[in-house]
Amino acid sequence: MSALSDAVPGTPHFTAEQLDEFCRIFRTLPTYRAEDDAISSSDVPVFYRDLMKWERTQEQIDVYVDCVERALGGRMTITQYLQYFTTQHDKHDLFRVYVENMDLNKDGFISPEEFKLCWHILKTHDPTIAVIDFEELLEQADTNKDGKLSNDELVAWLKKFTSRGKY
Ligand SMILES: [Ca+2]
Ligand SMILES: [Ca+2]
């Protein structure tokens, strides 16, 4: 039982043993360094496809790599991976995780730049997500009309449009 898996709340679809196994595999990868408990983007495809045996298309893998490079500065920590694993089963929790990762400077808002960098990642996970530009999204999602798109507003918008099944 590692301290890591104990630290991750709400893991109904993964046992502590499975999470420990993910961590063990993660830490055997060539670019893993104990200093930051992270791997480089070059190990991302190996991790998903060969070690995890998860079915992912090449396109999805490319987007993960791209995301790690551009959004996370080239390194992804085990904690960030576990966050994804433990929310895969619930789309709404997953949206929350995506939006929080999209908010690169962690100010609680999604800027046009952050939107531009990360929207295609959401689309890869859920192809039904609208092709939309930032202005259009802001118009629909900015419920308190302050001209800014908060993380909460974006999560609410994503939930609304998926439950309606629109677009
Ligand atoms: Ca931000
Ligand atoms: Ca707003």
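Visitor: Where is the place of R56 in this protein?
Guide: This is a predicted model, in which local features need pLDDT of at least 70 and side-chain atom pairs count only at pLDDT 80 or more, while totals for chains, interfaces and linings use all residues. Residues are numbered from 1 along each chain as its sequence is written, and chains are lettered from A and ligands numbered from 1 in the order in which they are written. Helices (H or I, at least four residues) and strands (E, at least two) are DSSP runs, numbered from the N terminus. On that scheme, R56 belongs to the loop between α3 and α4.

Visitor: Is R56 exposed, partly exposed or buried?
Guide: Count the other C-beta atoms, placed from the backbone, within 10 Å of a residue's own: 20 or more is buried, 12 or fewer is exposed, and in between is partly exposed. R56 has 15 of them, so it counts as partly exposed.

Visitor: Which residues does R56 touch, not counting those up to four places away in sequence?
Guide: A contact here takes two C-beta atoms, placed from the backbone, within 7 Å. As a distance check, R56 and P45 are 11 residues apart along the chain, with 9.4 Å between their C-alpha atoms. By the contact rule, R56 touches Y48, R49 and I61.

Visitor: At roughly what angle do the axes of α3 and α4 cross?
Guide: Axes are lines fitted to C-alpha atoms, for helices over the stretch in contact, and angles run from 0 to 180 degrees between N-to-C directions. The axes of α3 (residues 44-51) and α4 (residues 58-71) come within 9 Å. They cross at roughly 145 degrees.

Visitor: And is the crossing of α3 and α4 left-handed or right-handed?
Guide: Left-handed is when the near helix is turned anticlockwise from the far one by less than a right angle, and right-handed is when it is turned clockwise. For α3 and α4, the crossing is right-handed.

Visitor: How many nonpolar residues does the contact of α3 with α4 have?
Guide: V44, P45, Y48 and R49 come from α3, and I61, Y64, V65 and V68 from α4. Ala, Val, Leu, Ile, Met, Phe, Trp, Tyr, Cys and Pro count as nonpolar, Asp, Glu, Lys and Arg as charged, and the others, Gly among them, as polar. That leaves no polar and one charged residue, and the nonpolar count is seven.

Visitor: Which residues is L154 in contact with, leaving aside neighbours within four places in sequence?
Guide: L154 is itself one of the residues with the most contacts inside that largest core. Its partners are V99, I110, A141 and L149.

Visitor: How many residues are in the second, separate core?
Guide: Its members include I39, V44, F47 and L82. V44 also takes part in the contact of α3 with α4. The second core's residue count is 12.

Visitor: What is the phi of K106?
Guide: Most residues other than glycine have a negative phi. K106 lies in the loop between α6 (91-102) and α7 (112-125) and is exposed, as it has 9 other C-beta atoms within 10 Å. Its phi is positive, although it is not a glycine, at about 55 degrees.

Visitor: And what is the phi of K145?
Guide: K145 is in the loop between α8 (134-141) and α9 (151-164). It is exposed, with 8 other C-beta atoms within 10 Å. Again this is not a glycine, and phi is positive, at about 50 degrees.

Visitor: Which element has the lowest mean pLDDT?
Guide: pLDDT is the predictor's confidence in each residue, from 0 to 100, and the protein averages 79. Strand β1 (residues 38-40) has the highest mean, 95. Over residues 1-12 the pLDDT is below 50. The lowest mean, 41, belongs to helix α1.

Conventions: Core = buried A, V, L, I, M, F, W, Y, C linked by C-beta atoms within 7 Å.
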